[in-house]
Amino acid sequence: MLKLIKLEFKKNKFNGSLLGILIVNVAIIAMTLLMYFNFGSLEEEVSFSNYQEAFNIIDTFVRAAFIIYASTLIAKFVIEEYRNKTMSLMFTYPIDRKKLIAAKLVIVFIWTLFTIIFSNLVITTIFVLINNHYGYINEALTTDLIINNGLQILLNAVAAAGLGLIPLFFGMLKKSIVGTIVSSVLIVSFIGSNYGDFSLSSIIAIPLSLAVVGILIAYLSIRNIDKVDLF
Amino acid sequence: MTTILKTNRLGKTINGKELVSGLNMTINKGEIYGFLGPNGAGKTTVMKMITSILKPTEGDIELFGKPLHSNSFELLKRMGSIIEYPIFYEKLTAQENMELHCEYMGYYNKKAIGEALEMVKLTGINNKQIKEFSLGMKQRLGIARAIVTKPELLLLDEPINGLDPVGILEMRNLFSILSKQYGITLLISSHILGEIEHIADKIGVINQGKMVKEVTMESLRETSNDYVEITTSEVKKACYILSDRLHISNMKVIGENVIRVYDMSIQQNLIFKTLVMEDVPVESITQKQHSLEDYFMKLLNGGGLSA
């Protein structure tokens, strides 16, 4: 499996993505700060009344961005191989087809997981530093808060990485890149919906089961891959 | 003789359309099998089923003595193929494509790539991306990729497409070398008969998804009937003389002024002399050989296809 993953990297020259992470991060910081400076100074408590809320907003942005990013990776690694017909080459190799696809999905999953955690870390740190200067959020940053928040980010990241695989299912239906990316946007709007303090991902069980659902749906799309024709 | 490939009543129906049906095919070890058929006859479909890209809806395939299932991936290791047209990772170089192929095939002889490129006379292209390649170059690289792992069975679907005449000759020689020196069994499909005729040991003719005829070249050469073709304006008289004086019974009138004499025991100049002596105007007299082309056309016509 490791070898297959290595070959995928070699094949796709997958290294230009660092720039992608940077751009996404800068954009999220810009959006967060825009909200921070607009709402943070208001007397009524809107959305930046405390750290928890701020962190939630950042995390939601980050997950949304990288779930969509994941769908572009699925498009690149899987759907494009179908469209370029190189999949018919791959399928003449003495390797289990499920494994071939799984190697690609492992890359997408781990990459999404990693970038979400990393970006949260970077953006949150920058945010805290800026708040230290302006002080719109008047709250002590306790260890408890950091640990709780860190745990939540971690769980949410796992969920997002799993959910990020769902677009494979829609992309595979018609081998469509557009379908892949559009479905990821729909998924993002689903998980990003906040209902006051309660968001779907605020409980531990939900993110983990969402991750499982995502992986299952992805599996569903390759379940029969050994038995179907490749055109 | 070991059988490398055997299909048993192989069939494929897609969306209610029968592409291949009841196809029996046997390829023995070391053979060059010429797979002939007009465009759309089902050659590629059959080859795709052999490489397990398409799944048969009927019958089965036996490769190296083992049945081919949807999960018999190990069998694929022993095959090399180009199906339809050579497909590469366009953004990578030839070398990178070859390396990837070897890695996926689990073949680690570093020298093999250079050798294969040399065999197809594709050198000095090392840092070019595939997308800059011409069709002929891709075809050569495709063949190189198919042979680099020295497979036991080589499936080549229209391998000479896009090659120039020199290239065609080179590839034809290469196929012979692969067969004779490396003992590789080849299945080569083509709609150009002349190409296969010269190198094939066995010919399978497919039309409208059905195997019309499977025959060894050896038996084909034995049965192939040569004939003498006479062009004359007085066909009736000539026929009479031929049967009366030379006792020829095996002949056929083709069109208005052509006679074909299949009795090869009688010499051509004797026929000519006799006819001239009897004042039959002979415009031409030539000895002809039934080429595979005639045979092929005959088979296809017999199959209900107008040529």
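pLDDT is the predictor's confidence in each residue, on a scale from 0 to 100. In this predicted model, chain B has a mean pLDDT of 87, with 96% of its residues at 70 or more. Where pLDDT is low, the predicted coordinates should not be read in detail. For the complex, the predictor reports an ipTM of 0.84 and a pTM of 0.83.

Local features need pLDDT of at least 70 and side-chain atom pairs pLDDT 80 or more, while totals for chains, interfaces and linings use all residues. Residues are numbered from 1 along each chain as its sequence is written, chains are lettered from A in the order in which they are written, and side-chain values use heavy atoms, without hydrogens and water.

Buried area is the accessible area (1.4 Å probe) that two parts lose on being put together, summed over both; contact means heavy atoms within 4.5 Å.

| Interface of chain A and chain B | Value |
|---|---|
| Residues from chain A in contact | 28 residues |
| Residues from chain B in contact | 28 residues |
| Buried area | about 2600 Å² |
| Part of buried area on carbon and sulfur atoms | 61% |

There are 2 salt bridges between the chains, each a side-chain nitrogen of Lys or Arg within 4 Å of a carboxyl oxygen of Asp or Glu. One of them joins A:Asp229 to B:Lys12, with the closest N and O atoms 2.5 Å apart.

On the side of chain A that touches chain B, α1 (2-12), α4 (86-90) and α5 (97-134) of chain A are the elements giving two or more residues. Helices here are DSSP runs (H or I, at least four residues), numbered from the N terminus. α1(A) gives the most, with 6 residues.
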